[in-house]
Amino acid sequence: MKIILILLAGFLFSTGCSSLKETEKNQPAEEVYIFDDVESIDADAAPDTLENQKQVEELPADEIKKKTVHFIVQLAAFSSRNNAEKFVESNSNKTEYELNIIYKDEVKMYTVQLFPFDSIEKAEMVRDKLKKIPEFKNAFIFTVED
């Protein structure tokens, strides 16, 4: 009985491998496309080259609007204007800078900020100075482009 099982297993193994080889033979060869018959392009006949396009009229430098970047120190944010006003009243005497309440519609918050600075260095200096005051310890800087 063992001999029959061994012969049967050997037969199945050999026919299984041969069918795999038949499957491999029936697979189409990978196609390769060679584009060696492309004609050269005549530069004079090409209507869309830069030389053939109309020159774009350039604007004078003083008419080009340059983006201005400002750096804003934010000290606090509140969900109600009343709380923001209380914060400003109780803390405006702790700094020489004017505290402004600005409503941010995108976050629905009243923020307490300083006026914008034109340089990051100045904004960082003021922020670091204010962070030493416990009420302003969470001060941070964000940028705005005009």
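These legends accompany several close-up views of the structure above.

The model is predicted, so to speak plainly: local features need pLDDT of at least 70, side-chain atom pairs count only at pLDDT 80 or more, and totals for chains, interfaces and linings use all residues. Residues are numbered from 1 along each chain as its sequence is written, and side-chain values use heavy atoms, with hydrogens and water left out.

**View 1. Strand E1 and its partners.** Strands here are DSSP E runs of at least two residues and helices are H or I runs of at least four, numbered from the N terminus. Welcome to E1 (69-78), where 8 of 10 residues are buried (under 20% relative accessible area with a 1.4 Å probe, protein chains only; exposed is over 50%, and partly exposed lies in between). E1 runs antiparallel to E4, joined by 6 bridges, and antiparallel to E3, joined by 4; two strands pair if DSSP finds at least two bridges between them. Look for His70 opposite Val144 in E4, and for Phe78 opposite Tyr110 in E3.

View 2. Beyond its neighbours within four places in sequence, Leu75 is in contact (heavy atoms within 4.5 Å) with Phe87, Leu99, Val112, Leu114, Leu130, Phe136 and Ala139. In soluble globular proteins, nonpolar side chains tend to be buried together.

**View 3. Helix H3 and its buried side.** H3 (residues 120-131) has 12 residues and reaches 16 Å from first to last C-alpha, close to the 16 Å expected at 1.5 Å a residue, where the expected span is 1.5 Å times one less than the number of residues. Its buried residues are Ala123, Val126 and Leu130. They sit on the same side of H3 because they cover an arc of only 70 degrees around the axis, taken from the directions from the helix axis to the C-beta atoms. These buried residues pack against E1 and E4 (140-145).

**View 4. Ile101 in strand E2.** Ile101 lies in E2, and its C-alpha is separated by 6.9 Å from that of Ala84, 17 residues apart along the chain. Leaving aside neighbours within four places in sequence, Ile101 is in contact with Arg81, Ala84, Glu85, Val88, Tyr110 and Thr111.

**View 5. The loop at Lys108.** Lys108 lies in the loop between E2 (100-104) and E3 (109-113). Phi of Lys108 is near 55 degrees, a positive value in a residue other than glycine.
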